[in-house]
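Welcome! Try each task on your own before you read the solution.

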Amino acid sequence: MIGGEEFRRHCIAAAMLAAALLALALSGYAGRDRLAEIAILAIFAMSLDVLVGFTGLVSLGHALFFGLGAYALAAFTTMLKLAPSLAIPLAVFAAGLAAFLVGILAIRVKGVFFIMITLAFGQMGWAYFQRSRGFGGIGGISGVGQLDLDAIGLSLANPADMALIAIVSAALVYLALARVTASPFGRMLVAIHQNESRARALGLPVQRYKLAAFTLAGAAAGFAGVLAAERTSFVSPDLLVWTVSGEVLIMVIVGGLGTLVGPALGAAIWVLLRDNLSGLTPYWMLAMGLFFVAAVLFADEGLYGLASRIPWTRRRRPGNA
Amino acid sequence: MLEARGLRKSFGALEATRDVSLALPEGARHAVVGPNGSGKTTLFNLLTGELRPDEGKVLLNGRDITDLPPNARARAGLTRSFQKNNLFLDLTARENLAIALAIGERAGTVFWRRFERMPGLLARAEALGERLRLADALDAPVRTLPYGTQRQLEVGLALAIEPKVLLLDEPTAGMSAEETRAMTALIAELPREIAVLVIEHDMEVVFEIAERVTVLDYGSILAEGTPQEVRSTEAVRRRYLGERAP
């Protein structure tokens with residue numbers, strides 16, 4: 001059932017990559033910056049999908065790790081004066097470590113309580129960075145060190161190059177997460193999602209697997225945050241507002257839970273709708289809300305379900321073949 | 001293999017388990033019978049760690065496992081099937097068995113190799129499926145399988161981790177006569193290294209597979225012995241088999 005879908009997902013991912021590269025070649029300054037934003041949000045959404053779609057842990061505080069990755073990079077490069085090539089992996093590690101520590105507490109509860117505890121941690125992070133003088137308060141930190149890519153003839157200050165790096169990063173993150181979720185480890189996460197008590201009765205140390213998923217998702221979100229800080233050279237508490245967690249959760253659900261490409265597609269649709277609707281009407285959020293309600297109601301498996309109705313992606317359909 | 005000593009468990013004022021002791025040697029075929037509400041499933045939950053006893057101990061191979069959670073007990077060789085089917089419903093039967101096998105082999109830490117390419121995993125899932133007479137049902141999502149087939153799989157998942165002690169909670173519940181015969185045969189065919197404790201309402205099944213029987217009533221042991229001994233105990237006949245004293 002899951003195996004047969006995989007080919008289709010790779011097809012959709014390849015089509016999205018091709019579309020992104022084509023758009024990059026055709027678009028102007030603002031369009032390239034949008035593409036970078038979409039690719040970064042796609043990574044962020046895919047990281048949350050590991051948690052929500054595969055493991056069944058609905059988090060409303062995932063922006064915490066996105067923001068922590070960004071802030072860690074900003075702090076490492078501006079305060080500790082570390083080279084970005086060192087600061088980037090350290091920032092990802094810091095976000096993963098934070099997710100590990102938060103996860104130890106958060107995975108003790110389930111369902112609605114898990115949503116509330118992740119929301120609470122997210123709000124704590126937001127409140128801290130808003131007040132903290134060391135991290136610039138609501139003004140944030142500017143002048144984040146950008147990775148020097150002269151060796152391959154690129155510069156992150158150039159939106160086209162930034163977009164290219166973000167798109168390639170999103171493709172690599174997709175491949176890595178697709179691999180991990182198709183592994184025995186990934187299948188254990190699906191088993192926990194499907195039936196936690198049976199997985200436990202068969203001998204699976206469920207809590208350890210949940211913690212591993214939470215840490216992995218946090219580190220990947222941290223990587224998205226690192227790219228976000230690289231894109232703008234700037235971090236602020238706005239990265240950690242709870243609505244950011246809510247938006248990325250909507251991208252995942254609307255895109256198609258547990259499909260990885262669906263949430264990436266959800267991120268693209270989100271940015272495109274926001275930019276196009278907000279110019280038309282001050283009530284654009286209402287229109288966006290209606291669109292997402294329709295997507296959830298009428299598209300089985302979200303946008304991924306719609307995309308997979310395109311015939312060329314259909315190789316075999318287990319169950320009703 | 002498995003021993004329970006003086007187990008007690010109360011839910012508020014209700015004493016669900018009162019001083020129950022039980023010993024299953026290697027290869028035991030032991031049945032627990034009793035009317036509804038007599039504490040059979042509570043006893044199972046105490047043995048597998050879903051519940052903690054108020055008093056008493058559970059020992060596996062002489063080791064005190066009273067404080068271990070269910071997953072640690074399963075790793076030590078003790079697992080169960082459930083009274084209500086408790087499966088991975090959106091996955092196929094083959095995936096259900098493969099996941100259970102992978103849990104039993106502790107393969108879940110492998111995160112880079114593809115699940116389907118784990119050496120021999122799918123072949124073993126298929127072999128186990130055939131042993132469970134599920135060969136025709138392996139590729140359908142479990143949710144779509146008939147109840148009786150799901151019931152076979154329910155026992156199959158427990159078998160997949162190669163337990164030393166297997167607890168079966170009403171394996172034939174809700175089954176047709178034919179399905180019950182198939183399930184009885186499956187239980188009778190289990191390797192003798194496994195000690196089996198079964199909760200069962202169907203007395204024919206009990207007399208076919210069990211070598212010892214414990215009768216529970218209001219949470220405490222009313223009688224224990226071979227099936228013949230228990231059947232001839234007057235208290236049991238009155239209380240459980242529904243016969244009146246002559």
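## Exercise 1: One residue and its surroundings

A:A36 lies in helix α2 of chain A. Keep in mind as you work that this is a predicted model.

**Task.** Work out whether A:A36 counts as buried or exposed, and find what A:A36 touches beyond residues up to four places away in sequence.

**Solution.** 
- Step 1: Count the C-beta neighbours of A:A36 inside 10 Å; there are 28.
- Step 2: Compare with the cut-off, which is 20 or more for a buried residue. A:A36 is therefore buried, with its 28 neighbours.
- Step 3: Leave out residues up to four places away in sequence, and the contacts of A:A36 are A:P159, A:M162, A:A163, A:A166 and A:R231.

## Exercise 2: The helix around it

**Task.** Describe the span of α2(A), its kink and how covered it is.

**Solution.** 
- Step 1: α2(A) runs over residues 29-54, which makes 26 residues.
- Step 2: From first C-alpha to last, the helix reaches 37 Å, close to the 38 Å expected at 1.5 Å a residue.
- Step 3: Follow the axis to A:L48, where a kink of about 35 degrees is centred.
- Step 4: Check the cover: 21 of the 26 residues in α2(A) are buried, so the helix is mostly covered.
- Step 5: Look past the end of the helix, where A:G56 follows with a positive phi, near 80 degrees.

## Exercise 3: Two helix pairs

**Task.** For α3(A) with α4(A), and for α10(A) with α12(A), give the angle and the kinds of residue in contact.

**Solution.** 
- Step 1: The axes of α3(A) (63-78) and α4(A) (84-106) come within 8 Å and cross at roughly 140 degrees. The crossing is right-handed.
- Step 2: Among the residues making this contact are A:F65, A:L68 and A:F76 of α3(A), and A:I88 and A:V92 of α4(A). By class, the contact has 15 nonpolar, 2 polar and no charged residues.
- Step 3: α10(A) (242-255) and α12(A) (284-298) pack at about 35 degrees, with axes 9 Å apart.
- Step 4: Here A:I250, A:I253 and A:V254 meet A:F292, A:A295 and A:V296.

## Exercise 4: Between the chains

**Task.** Which helix of chain A gives the most to the side that touches chain B?

**Solution.** 
- Step 1: Start with the contact, in which 25 residues of chain A meet 34 residues of chain B.
- Step 2: List the helices of chain A that each supply at least two residues: α6, α7, α8 and α9.
- Step 3: α7(A) gives the most, with 6 residues.
- Step 4: Sort the residues on chain A's side into 14 nonpolar, 7 polar and 4 charged.

Note on methods: Residues are numbered from 1 along each chain as its sequence is written. Chains are lettered from A and ligands numbered from 1 in the order in which they are written. This is a predicted model: local features need pLDDT of at least 70, side-chain atom pairs count only at pLDDT 80 or more; totals for chains, interfaces and linings use all residues. Two residues are in contact if their C-beta atoms, placed from the backbone, lie within 7 Å. Helices (H or I, at least four residues) and strands (E, at least two) are DSSP runs, numbered from the N terminus. Ala, Val, Leu, Ile, Met, Phe, Trp, Tyr, Cys and Pro count as nonpolar, Asp, Glu, Lys and Arg as charged, and the others, Gly among them, as polar. The expected span of a helix is 1.5 Å times one less than its number of residues. The bend at a residue is the angle between axes fitted to the seven residues ending there and the seven starting there. A residue is buried if 20 or more other C-beta atoms lie within 10 Å of its own, exposed if 12 or fewer, and partly exposed in between; C-beta atoms are placed from the backbone. Axes are lines fitted to C-alpha atoms, for helices over the stretch in contact, and angles run from 0 to 180 degrees between N-to-C directions. A crossing is left-handed if the near helix is turned anticlockwise from the far one by less than a right angle, and right-handed if clockwise.
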